[in-house]
Amino acid sequence: MGRKIEASVHRKMCSVIAKLPANASQNTVADALDSFKGTPKLDSEKQVTSSDDGVTPLMIACDKGLSSCLEYMADNKTLSFLWGSAEDRS
């Protein structure tokens, strides 16, 4: 059940980032993503690294050129399990 919960949160984060405007301020990004801060981290063997379609929140932020979102991700490394890493494959 935990894996499904994290996958659901992961998809929601992808959706939130995809809806951010290209010129989103750091405050706008923080307002949108701070709600994910309470998400529990699962055991490493149960980690979800991408949504069902292989897309990570990190990929969406990069694709949209959301520098403020990327800065948020860099500043909030404790949540990195939710947005994936450069090593994730789509």
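Contact here means heavy atoms within 4.5 Å. The model is predicted.

**Close-up 1**
C14 sits in helix α1, which spans residues 2-19. Its relative accessible area is 8%. Buried means under 20%, so C14 counts as buried. Which residues is C14 in contact with, leaving aside its neighbours within four places in sequence? They are V55, T56, P57 and I60. M59 is shown as well: the C-alpha atoms of C14 and M59 are separated by 8.9 Å. Along the chain, C14 and M59 are 45 residues apart.

**Close-up 1. The two faces of helix α2.**
Helix α2 covers residues 26-33. V29, A30 and L33 are buried in this helix. Seen down the axis of α2, the buried residues fall within an arc of 100 degrees, so they line one face of the helix. What does the face turned away from the buried side carry? There, N27 and D31 are exposed.

**Close-up 2. Helix α2 against helix α4.**
Two packed helices are described by the angle between their axes and the distance between the axes. The partner of α2 in this view is helix α4, residues 67-75. The two axes come within 9 Å. They cross at roughly 60 degrees, which makes α2 oblique to α4. The crossing of the two helices is right-handed.

**Close-up 3. Residues at the contact of α2 with α4.**
From α2 come Q26, V29, A30 and L33. From α4 come S68, C69, E71 and Y72. How do the residues of this contact divide? Five are nonpolar, two are polar and one is charged. V29, A30 and L33, on the α2 side of the contact, are also the residues described above as buried.

Q26 belongs to helix α2. Is Q26 buried, exposed or partly exposed, and what is its relative accessibility? Q26 counts as partly exposed, at 38% relative accessibility. Not counting residues up to four places away in sequence, Q26 touches S68 and E71. S68 and E71 are among the α4 residues that meet α2. The C-alpha atoms of Q26 and E71 are separated by 8.0 Å. Along the chain, Q26 and E71 are 45 residues apart.

Key
Residues are numbered from 1 along each chain as its sequence is written. This is a predicted model: local features need pLDDT of at least 70, side-chain atom pairs count only at pLDDT 80 or more; totals for chains, interfaces and linings use all residues. Side-chain values use heavy atoms; hydrogens and water are left out. Buried means under 20% relative accessible area, exposed over 50%, partly exposed in between (1.4 Å probe, protein chains only). Helices (H or I, at least four residues) and strands (E, at least two) are DSSP runs, numbered from the N terminus. The arc is that of the directions from the helix axis to the C-beta atoms. Axes are lines fitted to C-alpha atoms, for helices over the stretch in contact, and angles run from 0 to 180 degrees between N-to-C directions. Angles under 35 degrees count as roughly parallel, over 145 as roughly antiparallel, 65 to 115 as roughly perpendicular and the rest as oblique. A crossing is left-handed if the near helix is turned anticlockwise from the far one by less than a right angle, and right-handed if clockwise. Ala, Val, Leu, Ile, Met, Phe, Trp, Tyr, Cys and Pro count as nonpolar, Asp, Glu, Lys and Arg as charged, and the others, Gly among them, as polar.
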